[in-house]
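User: I have a protein to go through with you. Can we start with the surface and work inward?
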Amino acid sequence: MEAAEKCYTYMVRCSDGTLYTGWTNNLEKRMEAHNSGRGAKYTKSRRPVELVYFEEFTEKSDAMSREARLKQLGRAEKLKLIAMSAKED
């Protein structure tokens, strides 16, 4: 992996209020894909989606591991993480 390449673990809020967690190496393109119906089977019928949380990594494996850990969290824990990150902005 090139030094300039970054990977991201992210969460989006779907139009029905549910949360979807994934990882990507291009956040902008991934959001475009989700909102055009090409991003994931889950989000295809729940558009539009809004990016509500992301973390940046230098290694793909780290982003994928973090995605797996986030998917284990309950909804309340995910919302708390999203709220905490919003306060940092």
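Analyst: The accessible surface of the protein comes to about 5,800 Å², and carbon and sulfur atoms hold 49% of that. Keep in mind that this is a predicted model.

User: And what share of the residues counts as buried?
Analyst: Of the 89 residues, 38% count as buried.

User: How does the radius of gyration compare with that of a compact globule?
Analyst: It agrees, because a compact globule with 89 residues would have a radius of gyration near 12 Å and the protein has 13 Å.

User: Which secondary structure elements are there, and in what order?
Analyst: There are 4 helices and 3 strands. Along the sequence the pattern reads β-β-α-α-β-α-α.

User: How do E1 and E2 pair?
Analyst: Strand E1, residues 7-13, pairs with E2 in the antiparallel sense, over 6 bridges. One of the facing positions is Val-12, which stands opposite Tyr-20 in E2.

User: What sits between the two strands?
Analyst: E1 and E2 form a hairpin, with 5 residues between them. Gly-17 is in that turn and has a positive phi of about 90 degrees.

User: Now Asn-35. Where is it?
Analyst: Asn-35 is found in helix H1, which covers residues 27-35.

User: Why does Asn-35 count as partly exposed?
Analyst: Its relative accessibility is 32%, so Asn-35 falls in the partly exposed class, which lies between the 20% and 50% cut-offs.

User: Which residues does Asn-35 touch, leaving out those up to four places away in sequence?
Analyst: Asn-35 touches Arg-47, Pro-48 and Val-49.

User: And how far is Asn-35 from Glu-50?
Analyst: From C-alpha to C-alpha, Asn-35 and Glu-50 are 8.7 Å apart in space. In sequence, 15 residues separate the positions of Asn-35 and Glu-50.

Methods: Residues are numbered from 1 along each chain as its sequence is written. This is a predicted model: local features need pLDDT of at least 70, side-chain atom pairs count only at pLDDT 80 or more; totals for chains, interfaces and linings use all residues. Side-chain values use heavy atoms; hydrogens and water are left out. Two strands pair if DSSP finds at least two bridges between them. The radius of gyration is taken over C-alpha atoms; the globule rule is 2.2 Å times the number of residues to the power 0.38. Buried means under 20% relative accessible area, exposed over 50%, partly exposed in between (1.4 Å probe, protein chains only). Accessible areas come from the Shrake-Rupley method with a 1.4 Å probe; for residues, only the protein chains shown count as cover. Contact means heavy atoms within 4.5 Å.
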